Amino acid sequence: MARLLGKRPPARHVETIATEDTVEQLSSEFRLSKEKVQSILRGVGINLEGSNPASEMGLYREVIACKVGDRSRFTHSDTSYEEVLDEQLRSFDEIYVDTAPIIQEDWFLHFVTDAEPILKRRKKKLIILEKTLEELHGLKDNPEKDKEVRVRSTIRPDLIRQLARRGLVRIGDTGSTGIADDHLVSLFSQIGATKSLLLVTQDRGLSERIVRLAHQLEQHPKQEVKKPWFLRLLGRKKSDAEQYAHQMVACKLIEEGKLKRCYICPECNESYYDDLHACEGMVLCGRCYLDLKEQEAKQIAANQKKREAELKAEEERQKKLEEEERRLEREKLKQTVGQRVEMQKKRFIKRASLVLVVLLILAVVLIVLLL
Ligand SMILES: [Zn+2]
């Protein structure tokens, strides 16, 4: 409309903060000198001049937090969340993290901060492939990428190395050359037969491949890692359900570093994200579930109708049978009355003819006597 009227659309108002205030705020938050704050930011290519968009404050905080290793501000405010995350993570032997979730917003910072006590307690590590570090290296110098992506790709390797030093991250071998996705899928198909695996990735296509691979593996019994004879002797025999339980799960990170699992609907074949539950990855989607419920309800209604029709037909058949029975009864009754009348008639004729014969004889005797 503005263009039609020959007017320029009003410029979007961008809230800004003066460099001085930005530095002051960050230095008091992190208890660092102003010079240190500025030098850390400059180190990743952020040169504060004049005023800066207020929306970038979060990014500055991420940079400093990663550099100084202070992730306290990324802890979950809800203390019960640790229990939820523990429930989600504890069943996995290995947790792989792909490149995109590491640089999407500040979600990876939230995720590792929340996962840290769990990983320590459960003696687990996040596995980040060398390929991911190479990708981050490539992204930080890519002028086509957004400033936020470039900055995050610059600071995350520092964080990853810090975490590796603290035993929370293992840098995994990329192994084969070629596409990282293909490598991950083939790696998962090899180790997935013996281990429970979680892949954290924002890539829907890759997640779908993992879900389908898990589904394929579920058709085969789980291969046991060969244990020493004394452990085999002491260990109990696994039930069938345990033997076939392969857990290979793909999740993406969302706000506050929470996990959402990728599922594929076996009915419509489409993937979708939902909460992480300990179940198979091929689960009906909401729409298909409702459709199925509707179909079921229709089937139940149709069955009910059929049953009612059958019942009615049976009732009518019974009624007809009863009517027929009554008719036959009536016939029988009619017949017996007719027969009785007939019999009485016969008896009467018999008696009458007997009387007639006796009278005749008497008459003859009388005539003889008279003559
Ligand atoms: Zn569906």
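Which residues does C251 touch, not counting residues up to four places away in sequence? The legends below take this up in the first view.

**View 1. C251 and its contacts.** In this predicted model, local features need pLDDT of at least 70 and side-chain atom pairs count only at pLDDT 80 or more, while totals for chains, interfaces and linings use all residues. Numbering starts from 1 along each chain as its sequence is written. Leaving aside residues up to four places away in sequence, C251 touches L198, V200, L259, K260, R261, C262 and L276, two residues being in contact if their C-beta atoms, placed from the backbone, lie within 7 Å.

**View 2. The largest nonpolar core.** This core, a set of buried Ala, Val, Leu, Ile, Met, Phe, Trp, Tyr and Cys residues joined through C-beta atoms within 7 Å, has 56 residues, and those with the most contacts inside it are V63, L198, L199, V200, I210 and C251. Helix α6 (residues 107–122) gives the most to the core, with seven residues. A residue counts as buried if 20 or more other C-beta atoms, placed from the backbone, lie within 10 Å of its own, and buried residues make up 24% of the 371 residues in the protein chain.

**View 3. The open sheet.** Seven strands, in the order β5-β4-β3-β6-β7-β8-β9, form an open sheet with mixed pairing; strands (E, at least two residues) and helices (H or I, at least four) are DSSP runs numbered from the N terminus, and two strands pair if DSSP finds at least two bridges between them. β5 (169–172) and β9 (271–274) stand at the edges, each with a single partner strand, so one side of each is left without a neighbour in the sheet. The twist averages 30° from one strand to the next, with axes taken as lines fitted to C-alpha atoms, for helices over the stretch in contact, and angles running from 0 to 180 degrees between N-to-C directions.

**View 4. Strands β3 and β6, with helix α10.** Strand β3 (residues 94–97) runs parallel to strand β6 (residues 197–200), and four bridges join them; E94 stands opposite L197 in β6. Helix α10 (residues 204–217) packs on the sheet, where it touches β6, β7 (248–253), β8 (259–264) and β9, and its direction makes about 60° with that of β8.

**View 5. Helices α7 and α8.** Helix α7 (residues 130–140) lies across β4 (126–129) and β5, running at about 60° to β4. The axes of α7 and helix α8 (residues 147–165) come within 7 Å and cross at roughly 145°. Among the residues making the contact are L133 and L136 of α7 and V149 and I160 of α8.

How values were computed. A residue is buried if 20 or more other C-beta atoms lie within 10 Å of its own, exposed if 12 or fewer, and partly exposed in between; C-beta atoms are placed from the backbone.
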